[in-house]
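This report describes the fold of one protein chain for a reader who is new to structural analysis. Please examine the sequence and the structure before reading on.

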Amino acid sequence: MDASFFLRGMIIGLSIAAVVGPMCILCIQRTLSRGHLYGLVSGLGIATADAVYGSIAAFSLTVIASLLISQQGWLRLIGGLFLVYLGIRTILSKPAEQAATAQANNFLGAYVSTFLLTLTNPMTILSFAAIFAGLGVGGASKSYLTATLVVCGVFAGSTLWWCFLTSGISLLRQKFTPLWLLWINRLSGAVIMGFGVFVLYSLL
């Protein structure tokens, strides 16, 4: 057993999670509007989806990967429409006065929404496969234990990023007035909706 595979997995998880995209914008907006825990739970949904796709790549589940990639058109359509919906809803939503208690009973929804939305991009499997090969873990599928270490590392690295991001954003929240938070909602919603429109346009 080579424990360095766990560290390599962490590097992969961190590098993929740190990319600024619609999920990153969504987590920042949720943290500012609804509090640190809500944003972190949203990030954990993304980390779980990363681990799922990392598992498919690490264990060389080619049948599942091929099926998902062959259906990527439908998945990206669903994801694009969902991003547009989230963007519009974010633009229209008003930030909570007390972020720590806002929507405290809807953590499951926060987790599931980001988990499913992240899964609508099956090309992530190819990204994991390419990075695995580049870091020398391309043969992870030959050992279930090694593959498990890599996947656990991916989840840990992704989770670490979301903990860092949401904690930093949460500390900054106290410096924003309700008017600032309202405009952040509108800007975040416009960016998220823009990502959705781009995804839909790419399908034409």
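Among contacts in the protein chain between residues at least 6 apart in sequence, 90% join residues at least 24 apart; contact here means heavy atoms within 4.5 Å. The model is predicted, so local features need pLDDT of at least 70 and side-chain atom pairs count only at pLDDT 80 or more, while totals for chains, interfaces and linings use all residues. Residues are numbered from 1 along each chain as its sequence is written, and side-chain values use heavy atoms, with hydrogens and water left out.

**Overall composition**

The protein chain has nine helices and zero strands. Helices (H or I, at least four residues) and strands (E, at least two) are DSSP runs, numbered from the N terminus. Of the 204 residues of the chain, 42% count as buried. Buried means under 20% relative accessible area, exposed means over 50%, and partly exposed lies in between, for a 1.4 Å probe and protein chains only. The accessible surface of the protein chain comes to about 10400 Å², and 73% of this belongs to carbon and sulfur atoms. Such areas come from the Shrake-Rupley method with a 1.4 Å probe; for residues, only the protein chains shown count as cover.

**Two helix pairs**

Axes are lines fitted to C-alpha atoms, for helices over the stretch in contact, and angles run from 0 to 180 degrees between N-to-C directions.

| Helix pair | Axis distance | Angle |
|---|---|---|
| α5 (residues 72–92) and α9 (residues 178–202) | within 7 Å | roughly 160 degrees |
| α3 (residues 36–58) and α8 (residues 144–173) | 8 Å | about 160 degrees |

Because of its angle, α5 is roughly antiparallel to α9, and α3 is likewise roughly antiparallel to α8. Angles under 35 degrees count as roughly parallel, over 145 as roughly antiparallel, 65 to 115 as roughly perpendicular and the rest as oblique.

The residues of the contact of α5 with α9 divide into 14 nonpolar, eight polar and two charged. For α3 with α8, the division is 12 nonpolar, 11 polar and one charged. Ala, Val, Leu, Ile, Met, Phe, Trp, Tyr, Cys and Pro count as nonpolar, Asp, Glu, Lys and Arg as charged, and the others, Gly among them, as polar.

**Two individual residues**

Thr31 lies in helix α2 (residues 22–34) and counts as buried because its relative accessibility is 0%. Beyond its neighbours within four places in sequence, Thr31 is in contact with His36, Gly39, Thr166, Ile169, Ser170 and Arg173.

Ala130 is placed in helix α7 (residues 124–134) and counts as exposed, because its relative accessibility is 52%. Ala130 and Ala57 are 73 residues apart in sequence, and their C-alpha atoms are 9.2 Å apart in space.
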